[in-house]
Amino acid sequence: MLLNTDRLRLRPVQPTDRDLLVALDADPEVMRFVSGGPATSPETVAEWIIPRTQEQQRAHGTGMWLQFTGTGAFAGWVQLRTPRHSSAAELELSYRLPRTMWGHGYASEGAAALVSVMFTTTDTQRIFAGTHVVHGASRRVMERLGMRLAADSDVTALGHPDAMVEYEILRDQWAAARGRGTVRVRPARRHSDPGSARPQSA
């Protein structure tokens with residue numbers, strides 16, 4: 001499924017995207033809250049990350065979407081996946097952007113598009129995401145999506161910089177907020193697939 005927002009074009013990940021993903025994870029600042037800095041190996045990207053998310057797409061219609069600006073610049077990825085240890089109708093959100101794309105609202109715009117699609121075309125009841133307490137930029141993305149601290153979160157964790165916190169948005173909460181700051185999503189035609197002309201990594 002291809003998607004358009006006002007500023008982005010999104011498409012599911014492909015095996016030929018290996019170099020884009022490897023280059024993204026090669027930046028220690030990008031990986032600071034993921035691995036502590038070390039990059040993801042090309043082998044891991046090609047043999048595990050891409051096949052796993054493509055299987056998610058085939059089985060559940062979820063997975064990783066790469067996003068590109070109107071000029072074709074790579075603007076990172078957003079992902080919704082089924083949790084491995086849960087049978088509930090819920091999805092886990094994650095996102096990762098090149099440093100040059102930080103601060104432009106691309107993470108929240110792309111994520112809002114996928115959240116909208118999942119809540120309107122599947123029986124998903126809850127979407128959640130985790131982040132470090134000190135990762136203010138990531139928490140702001142979640143808050144712009146209408147997510148709030150999960151109901152069972154330990155609020156005392158907010159006083160511990162090394163702690164993780166979980167945010168969530170429920171289906172009825174999302175539905176009640178529709179029209180207030182939501183992102184317009186338009187299914188893209190095949191000929192507008194940003195992957196048809198190899199975009200340049202930002």
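## Helix H1 and its buried side

In helix H1, the residues Leu 20, Leu 21, Val 22, Leu 24 and Asp 25 are buried, where buried means under 20% relative accessible area, exposed over 50%, and partly exposed in between (1.4 Å probe, protein chains only). Helices (H or I, at least four residues) and strands (E, at least two) are DSSP runs, numbered from the N terminus. The buried residues of H1 pack against H2, strand S3 (63–69), strand S4 (74–81) and strand S5 (90–96).

Please keep in mind that this is a predicted model, in which local features need pLDDT of at least 70, side-chain atom pairs count only at pLDDT 80 or more, and totals for chains, interfaces and linings use all residues. Residues are numbered from 1 along each chain as its sequence is written, and side-chain values use heavy atoms, with hydrogens and water left out.

## How H1 meets H2

Two packed helices are described by the angle between their axes and the distance between the axes. Here, the axes of H1 (residues 18–25) and H2 (residues 42–60) come within 9 Å and cross at roughly 120°. Axes are lines fitted to C-alpha atoms, for helices over the stretch in contact, and angles run from 0 to 180 degrees between N-to-C directions. That makes H1 oblique to H2; angles under 35 degrees count as roughly parallel, over 145 as roughly antiparallel, 65 to 115 as roughly perpendicular and the rest as oblique.

Which residues make the contact? H1 contributes Arg 18, Leu 21 and Val 22, while H2 brings Pro 42, Val 45, Ala 46 and Ile 50. Contact means heavy atoms within 4.5 Å.

Now look at strand S2 (residues 8–12), which holds Leu 8. Leu 8 is buried, with a relative accessible area of 0%. Leaving aside its neighbours within four places in sequence, Leu 8 has contacts that include Leu 3, Gln 67, Phe 68 and Tyr 106. Leu 8 and Phe 68 are 60 residues apart along the chain, yet their C-alpha atoms are separated by 5.5 Å.

His 60 belongs to helix H2 and is partly exposed, with a relative accessible area of 45%.

## Aromatic rings

Rings of Phe, Tyr and Trp (its six-membered ring) pair if their centres lie within 6.5 Å; planes under 30 degrees apart count as stacked, over 60 as edge-to-face and the rest as tilted. How many aromatic pairs does this rule give? The count comes to 2. One is formed by Phe 68 and Phe 74, a tilted pair at 5.9 Å centre to centre with 50° between the planes. Phe 68 counts as buried at 0% relative accessibility, and Phe 74 does too at 1%.

Phe 119 and Trp 174 have ring centres 5.4 Å apart and planes at 40°, so this pair is tilted. Phe 119 lies in helix H3 (residues 106–121) and Trp 174 in helix H5 (residues 171–177), so the pair ties together parts that are 55 residues apart in sequence. Both Phe 119 and Trp 174 are buried.

## The whole chain

Stepping back, the chain has 5 helices and 9 strands. Buried residues make up 46% of its 202 residues. Among the contacts with a separation of 6 or more, 65% join residues 24 or more positions apart.
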